[in-house]
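Visitor: I am new to this structure and should be grateful for a guided introduction. May we go through it by question and answer?

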Amino acid sequence: MNEFMEFFNSSAPESVSTSVKLMLLLTVLSIAPGILILMTSFTRIIIVLSFVRTALATQQMPPNQVLVGLAMFLSFFIMAPTFHEVNEQALTPLFNEEINLEQAYERASIPFKEFMSAHTRQKDLALFLEYSKAETPETVQDIPLTALVPAFAISEIKTAFQIGFMIFIPFLVIDMVVASVLMSMGMMMLPPVMISLPFKILLFVMVDGWYLVVKSLLQSF
């Protein structure tokens, strides 16, 4: 324990630099799930992919692990320019001991603020700014993260639900047609979902559904 404290309290520049890097790494790892979910494109993507699975009525196919993994890598792809800017403007200067932690935080927050503000509805942002009694920001950099993050989150949820509604329409039509045919044939005891499932999967495969969904998600950012 004493050696551990001496490591963090050491006055040697090399030890101090290593201590800062270690603490920064542990901090980032502890808040990484929250950053991934609420400050990136992950929320919109995972909700839309879940809507696709629900509309197809395939229960657990694709599995949750596949959807989450796909959403994560799509988020990394979409957020790559933002992550690159954070690395260039904040992390690299910090590791080179050109700036301190406070300056690194301020620099790192700017790319995220620019990304989130570009996809946040003014109505949602105004709600949290008014509730927190914060002054009206003049620039994107002046927007507090405490107001921007929840505003961005609910904006992303609304957008994802709008996309999900459009995805549901063709599959709903198939369900209605199958149900009408079964009723006209007097086969009311046969579940329409069981009969419509192969047709929905066939339609989704024929139009290359996963390609269209991913393409729409990428173009929405």
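**Helix packing, buried residues and confidence**

Guide: Let us begin with a pair of helices: α3 and helix α4 (residues 64-95) pack with their axes 9 Å apart, at an angle of about 145°. The model is a predicted one.

Visitor: Which hand does the crossing of α3 and α4 have?

Guide: The contact draws on Phe42, Ile45, Ile46, Leu49 and Arg53 of α3. From α4 it involves residues including Asn64, Leu67, Val68 and Ile78. The crossing of these two helices is right-handed.

Visitor: How do the residues of the contact of α3 with α4 divide into nonpolar, polar and charged?

Guide: Arg53 of α3 and Leu74 and Ser75 of α4 are among the residues that make this contact. The division is one charged, two polar and 11 nonpolar.

Visitor: Why are the buried residues of α6 on the same side of the helix?

Guide: In helix α6 (residues 122-131), the buried residues include Asp124, Leu125 and Leu129. They lie on the same side of α6 because they cover an arc of only 130° around the axis. What covers the buried residues of α6 includes α7 (145-184). The answer is therefore the arc, only 130°.

Visitor: Which exposed residues does the face of α6 turned away from its buried side carry?

Guide: The buried side has Asp124, Leu125 and Leu129. On the face turned away from that side, the exposed residues are Lys123, Glu130 and Tyr131.

Visitor: Is glutamate 156 buried or exposed?

Guide: Glutamate 156 is found in helix α7. Not counting residues up to four places away in sequence, it touches Thr40, Ser41, Thr43, Arg44, His119 and Phe221. Because its relative accessible area is 0%, glutamate 156 is buried.

Visitor: Which element of the protein chain has the lowest mean pLDDT?

Guide: The mean pLDDT of the protein chain is 79, and 85% of its residues reach 70 or more. Over residues 1-16, however, the pLDDT is below 50. Where pLDDT is low, the predicted coordinates should not be read in detail. The element with the lowest mean pLDDT, 42, is helix α1 (residues 2-9).

Methods
Residues are numbered from 1 along each chain as its sequence is written. This is a predicted model: local features need pLDDT of at least 70, side-chain atom pairs count only at pLDDT 80 or more; totals for chains, interfaces and linings use all residues. Side-chain values use heavy atoms; hydrogens and water are left out. pLDDT is the predictor's confidence in each residue, from 0 to 100. Helices (H or I, at least four residues) and strands (E, at least two) are DSSP runs, numbered from the N terminus. Contact means heavy atoms within 4.5 Å. Buried means under 20% relative accessible area, exposed over 50%, partly exposed in between (1.4 Å probe, protein chains only). The arc is that of the directions from the helix axis to the C-beta atoms. Axes are lines fitted to C-alpha atoms, for helices over the stretch in contact, and angles run from 0 to 180 degrees between N-to-C directions. A crossing is left-handed if the near helix is turned anticlockwise from the far one by less than a right angle, and right-handed if clockwise. Ala, Val, Leu, Ile, Met, Phe, Trp, Tyr, Cys and Pro count as nonpolar, Asp, Glu, Lys and Arg as charged, and the others, Gly among them, as polar.
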